[in-house]
Amino acid sequence: MIEIKDARKEQSADIARLIMTAMTDDCCLHFCGAGYGLEDFRRMMTMLVEREDSQYSYRNTLVAMDGDRVAGVAVSYDGGRLHALRRAFVEAAKACIGKDHSGMDDETQAGELYLDSLAVEPDHRRQGIARRLLRATKEKADRMGLPCVGLLVDQGNPAGEKLYAAVGFRYVNDSAWGGHPMKHLVL
């Protein structure tokens, strides 16, 4: 039976791996400097998940647990805190993957709980886990007093867009992030 819970620090490696699944290898490599690859990015992401002051922190993560196995993740944070939370990523990227991302565009703003990453293990897909994580994220926004959940979906991901629409997300505008054209949706 799947249970949705707050993440724990010791789950950081699994969370980082699933965040990278959500980002796609192309996007992860887009963030890497010359001579760095996916393994470097994975090490950096694991470190960022372990931290408490990172947008990718385990403290910002809901996990779908199948017994003692992480089957899925939803990483979200107050969009108004983006710049403070992103500092850890910018510093780590310079040190771990050789690239300065201090001029990165904002993917969120104040007034929304930003769903940064949603991913489910391949062998757990099509079981309603992503929908449950999305509903739990909306409940988190309500508890935090934020009026909506916002996210970016890659314009080349119609299956993801269909899932979000089925849960009630609606289109707001076009955007771009990580070198990909995106759509901004809210619930």
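The questions and answers below concern a predicted model of a protein chain.

Reader: Which secondary structure elements does the protein chain have, and in what order do they run from the N terminus on?
Author: The secondary structure of this predicted model comes to 6 helices and 7 strands. Read from the N terminus on, the order of these elements is β-α-α-α-β-β-α-β-α-β-α-β-β.

Reader: How does the radius of gyration of the protein chain stand against the globule rule?
Author: The C-alpha trace spans about 40 × 40 × 30 Å along its principal axes. For 187 residues the globule rule gives 16 Å, and the chain comes close to that, so it is as compact as a globular protein of that length. The radius of gyration of the protein chain is 15 Å.

Reader: What share of the residues in the protein chain is buried?
Author: A residue counts as buried when its relative accessible area is under 20%. Of the 187 residues in the protein chain, the buried ones make up 49%.

Reader: How much of the accessible surface of the protein chain belongs to carbon and sulfur atoms?
Author: The accessible surface comes to about 9,000 Å². The part of that surface belonging to carbon and sulfur atoms is 47%.

Reader: Among contacts between residues at least 6 apart in sequence, what percentage join residues at least 24 apart?
Author: Contact here means heavy atoms within 4.5 Å. Among the contacts between residues at least 6 apart in sequence, the part that joins residues at least 24 apart is 69%.

Reader: Which element gives the most to the lining of the largest pocket?
Author: The largest pocket has a volume of about 1,100 Å³, and 36 residues line it. The elements that give two or more residues to this lining are α1 (12-23), β4 (113-120), α5 (129-144), β5 (149-154), α6 (158-167) and β7 (180-186). With 7 residues, the element that gives the most is β4.

Reader: Which residues lie nearest the centre of the largest pocket?
Author: By class, the lining of the largest pocket has 20 nonpolar, 9 polar and 7 charged residues. Those that lie nearest the centre are Leu118, Asn157, Gly160, Leu163 and Tyr164.

Reader: Which residues line the largest cavity?
Author: Rolling a probe the size of a water molecule over the atoms shows where empty space is left. A search of the whole structure finds 1 cavity of 30 Å³ or more, and about 30 Å³ of space lies in the largest cavity. Its lining divides into 5 nonpolar residues, 1 polar and 1 charged. The residues are Phe31, Gln55, Tyr56, Arg86, Phe89, Met104 and Trp177.

Reader: Is Ile15 buried or exposed?
Author: Ile15 has its place in helix α1. Leaving out residues up to four places away in sequence, Ile15 touches Ala7, Arg8, Val49, Tyr58, Thr61, Val63 and Val73. The C-alpha atoms of Ile15 and Thr46 are 31 residues apart along the chain and separated by 7.6 Å. Because its relative accessible area is 0%, Ile15 is buried.

Reader: With which residues is Met1 in contact, leaving aside its neighbours within four places in sequence?
Author: Met1 lies in the segment before β1 (2-6) and counts as exposed because its relative accessibility is 83%. From Met1 to Asp66 there are 65 residues in sequence but 6.1 Å in space, C-alpha to C-alpha. Met1 is in contact with Met65, Asp66 and Gly67.

Reader: Is Glu52 buried or exposed?
Author: Glu52 belongs to the loop between α3 (38-50) and β2 (61-66). Leaving aside neighbours within four places in sequence, Glu52 is in contact with Ser57, Tyr58 and Arg59. Exposed means over 50% relative accessible area. The relative accessibility of Glu52 is 51%, so Glu52 counts as exposed.

Reader: What is the phi of Thr24?
Author: Most residues other than glycine have a negative phi. Thr24 lies in the loop between α1 and α2 (25-31) and is partly exposed, with a relative accessible area of 38%. Its phi is a positive value in a residue other than glycine, near 80°.

Reader: What is the phi of Arg126?
Author: Arg126 is found in the loop between β4 and α5. With a relative accessible area of 87%, Arg126 is exposed. Its phi also has a positive value, near 65°.

Note on methods: Residues are numbered from 1 along each chain as its sequence is written. This is a predicted model: local features need pLDDT of at least 70, side-chain atom pairs count only at pLDDT 80 or more; totals for chains, interfaces and linings use all residues. Side-chain values use heavy atoms; hydrogens and water are left out. On a 1 Å grid over the protein atoms alone, a cavity is a set of points where a 1.4 Å probe fits but cannot get out, and a pocket is an open set with protein on both sides within 12 Å along at least five of seven lines; lining residues have an atom within 4 Å of a point. Grid points are joined across faces, edges and corners, and a volume is the space filled by probe spheres set on the points. Helices (H or I, at least four residues) and strands (E, at least two) are DSSP runs, numbered from the N terminus. Ala, Val, Leu, Ile, Met, Phe, Trp, Tyr, Cys and Pro count as nonpolar, Asp, Glu, Lys and Arg as charged, and the others, Gly among them, as polar. The radius of gyration is taken over C-alpha atoms; the globule rule is 2.2 Å times the number of residues to the power 0.38. Buried means under 20% relative accessible area, exposed over 50%, partly exposed in between (1.4 Å probe, protein chains only). Accessible areas come from the Shrake-Rupley method with a 1.4 Å probe; for residues, only the protein chains shown count as cover.
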